[in-house]
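Hi everyone, thanks for making time.

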Amino acid sequence: MSRLRPDLVAMEGYHSAQVSVEVRLNTNESPLALPSAYLEDLSRALKTLNLNRYPDRSALELRSAIAAMEGVAAEQVYAANGSNEVIENLLLAYGGRGRRALVFEPSYALHAHLARTTATELISVERRQDLSLDSALVSQAVRDHQPDVIFLCSPNNPTGEALPGEVIEAALSSGDGLVVVDEAYVQFANSSASLMLGTPGSDRLVLLRTFSKTWALAGVRLGFCIASPGIVADLEIVTLPYHLSALTQVAGLLALGYLDDMEQRIALIVAERERITSSLASRGYTVWPSQANFILFRPSDGKGHELWERLVAHSVLVRDCSSWPRLEGCLRVTVGTPEENDKFLNALEEA
Ligand code: PMP
């Protein structure tokens, strides 16, 4: 007899295929590493750490540096081990039994997954037929369900659509729940909900960010949110003591000194994204215009899974979304280096 909580029995852990291939374009990381000067800074800094002691529990130096970059106060920044941990802690603080979280599917699977693991009631609302989201749909869903936590994702994973301010405004003004805008890919986009910080009602707005994409630090596991000081204080209640290691704190802090390199990486990825998008469209595929570092597409014959297998045979791994609800026949490709993208496009041609 399973001892697992009955509400978890039908669930699976989060996973993405880990196949050994030459070109990995399946998990939306940065294909480019941080510069060697950063690695030298980091190794120097590691020698000065007192690893026999617990780290700064409030991660104040890191949070202050992030706050300075974002133009907010340190009390408005909360950092954790990847933005996934921030999502989990938001749900521990504001979700749980008797509380409701609203998601608009298809979107980043962890919002729904963590709602379930924290025993938060999950309300899933469909996007429009073309997978887009607009204020009318969001207002209606918020009014109908009065959720405690609303997840919006901009740009949305896996469709790549960035949300205009009016959609976030609609989520804020149609109810009194927390509005979490997951901006993991925002630096690749033309708009950000950060423009709404400080506007009326924005004390319920939470912007989620990560070091895993543009900052090229997926291996470090560091993410943060920008929110009102009251929300940051609430999050501290559910945070484990010393949750953010001294290694993580220093790795993030030093990366912030390499903002220019980060911006160059973004420019390259955005240019490559446009190149891949036109190439996929010229093959007659359905392509969702993306504001992120990945592109969702459906081959013209609708046989995404077969194409995925043939790409793997050519040593190229993309994300197989073809069996996901609402994404029948679709694949998602992460933008890689120009060489990796060439290999992907050549493999497509041959496959
Ligand atoms: N949000 C979105 C929309 C994502 O796609 C991802 C990564 N797949 C995350 C959050 C998680 O990022 P992190 O590595 O910071 O936990």
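I'll start with the domains, go on to a cavity, and then look at some helices and single residues.

A quick word on the ground rules. This is a predicted model, where local features need pLDDT of at least 70 and side-chain atom pairs count only at pLDDT 80 or more, while totals for chains, interfaces and linings use all residues. Residues are numbered from 1 along each chain as its sequence is written, and side-chain values use heavy atoms, with hydrogens and water left out.

Okay, domains. The assignment gives us domain 1 (6–34 + 260–350) and domain 2 (42–257); bounds like these come from an automatic or database domain assignment. Their centres, taken over C-alpha atoms, are 24 Å apart. Across the two, 31 residues of domain 1 are in contact with 31 residues of domain 2, and contact here means heavy atoms within 4.5 Å.

Now, how many cavities of 30 Å³ or more does a search of the whole structure find? The search finds 1. By cavity I mean a set of points, on a 1 Å grid over the protein atoms alone, where a 1.4 Å probe fits but cannot get out, and lining residues have an atom within 4 Å of a point. The largest cavity has a volume of about 50 Å³, volume being the space filled by probe spheres set on the points, with grid points joined across faces, edges and corners.

Where does the largest cavity lie? Both domain 1 and domain 2 give residues to its lining, so it lies between them. Among the lining residues are Glu29, Phe188, Lys213, Arg265 and Asn293. By class, the lining has 4 nonpolar, 3 polar and 3 charged residues. For those classes, Ala, Val, Leu, Ile, Met, Phe, Trp, Tyr, Cys and Pro count as nonpolar, Asp, Glu, Lys and Arg as charged, and the others, Gly among them, as polar.

On to helices. Helices (H or I, at least four residues) and strands (E, at least two) are DSSP runs, numbered from the N terminus. Buried means under 20% relative accessible area, exposed over 50%, and partly exposed in between, with a 1.4 Å probe and protein chains only.

Take α7, residues 229–238, where Ile231, Val232 and Leu235 are buried. They cover an arc of only 100 degrees around the axis, which puts them on the same side of α7; the arc is that of the directions from the helix axis to the C-beta atoms. The cover over these buried residues includes α2 (60–70), α3 (82–94) and β7 (205–210).

Helix α8, residues 246–255, is mostly covered, with 7 of its 10 residues buried. Val250 and Ala251 are among the buried ones, and the cover includes α1 (36–47), α2 and α9 (259–282).

Last, a few single residues. Thr334 sits in strand β12 and is buried, at 3% relative accessible area. Leaving out residues up to four places away in sequence, Thr334 touches several others, including Glu29 and Asn293, both of which turned up in the cavity lining.

Ala347, in helix α11, is buried too, at 4%. His314 is 33 residues away from Ala347 in sequence, yet the C-alpha atoms are 6.0 Å apart.

Definitions and conventions. On a 1 Å grid over the protein atoms alone, a cavity is a set of points where a 1.4 Å probe fits but cannot get out, and a pocket is an open set with protein on both sides within 12 Å along at least five of seven lines; lining residues have an atom within 4 Å of a point.
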